[in-house]
Amino acid sequence: MNQELRELYQEVIIDHGRRPRNFKVLEGHTHSQTGYNPLCGDRLQLFLQIRPGPRPVIEEASFQGEGCAISMASASLLTECLKGKTPTEAKALFQQFHQLLTGDDASTREGLGKLQVLAGVRAFPTRIKCATLAWHALLGALDQGETKPDDPVSTE
Ligand code: ZN
């Protein structure tokens, strides 16, 4: 990664870390999950509003919490990109994102959009848990929904 790009990436992380988007309790949320990263002390709660049906869709996402710039920026970017996705798509995105941070396959970057700014975290293995905290909360929140008997499971 060249210097210019690195600086741009850092700018986005600092911006989202300082002024996180969708930083609020979501009124009327259908799912929520807290996450805690003891390694760094990051703590957050993720909220989702999912429209039920044969093809459930995440209509809104938000979070609240406190932690390092990476955890807050990652949560902020995550909530921005969830809107309009199905839970299945969101889970697939997590796989891609995790691969971006831990794998060595550059092709997985396609479709990640802005989330790519967090690629630099791969150079700091101890910070990966900061970057994935909101995502683990996301998976927890989605799994909660699937255990509800009256909530149809997507078979996509
Ligand atoms: Zn952290």
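Ala119 lies in a loop, the one that runs between helix α3 (87-102) and helix α4 (128-146). The model described here is a predicted one. Ala119 has a relative accessibility of 1%, and because buried means under 20%, this residue counts as buried.

Which residues does Ala119 touch, leaving out those up to four places away in sequence? The contacts are with Leu100, Leu101 and Arg109. Another pair of positions concerns Gln99: Ala119 and Gln99 are 20 residues apart along the chain, and their C-alpha atoms are separated by 9.7 Å.

## The three-stranded sheet

The model has an open sheet of three strands. Their order is β1-β2-β3, and the pairing is antiparallel. At the edges are β1 (31-37) and β3 (57-66), each of which pairs on one side only. From one strand to the next, the twist averages 20°.

Helix α2 packs on this sheet, where it touches β2 and β3. The direction of α2 makes an angle of about 165° with the direction of β3.

## The β1-β2 hairpin

Strands β1 and β2 form a hairpin, with four residues between the two strands.

How many bridges join β1 to β2? There are seven, and β2 covers residues 42-51. The two strands run antiparallel. Within this pairing, Gly35 stands opposite Leu44, a residue of β2.

## The largest pocket

The largest pocket has a volume of about 360 Å³. Its lining is made up of 17 residues, and the closest to the pocket centre are Gln10, Ile13, Gly120, Val121 and Phe124.

Which elements give two or more residues to the lining of the largest pocket? They are the helices α1 (3-18) and α2 (69-82). Helix α1 gives the most, with five residues. Sorted by class, the lining of the largest pocket holds 11 nonpolar residues, two polar ones and four charged ones.

Definitions and conventions:
Residues numbered from 1 in each chain as written. Predicted model: local features only at pLDDT ≥ 70, side-chain atom pairs only at ≥ 80, totals over all residues. Heavy atoms only, no water. 1 Å grid on protein atoms, 1.4 Å probe; cavity = no way out; pocket = protein on both sides within 12 Å on 5 of 7 lines; lining within 4 Å. Points joined across faces, edges and corners; volume = space filled by probe spheres on them. Nonpolar A, V, L, I, M, F, W, Y, C, P; charged D, E, K, R; others polar. Pairing = 2+ DSSP bridges. Axes fitted to C-alpha atoms, helices over the stretch in contact; angles between N-to-C directions. Contact = heavy atoms within 4.5 Å. Buried < 20%, exposed > 50% of the residue type's maximum accessible area, 1.4 Å probe, protein only.
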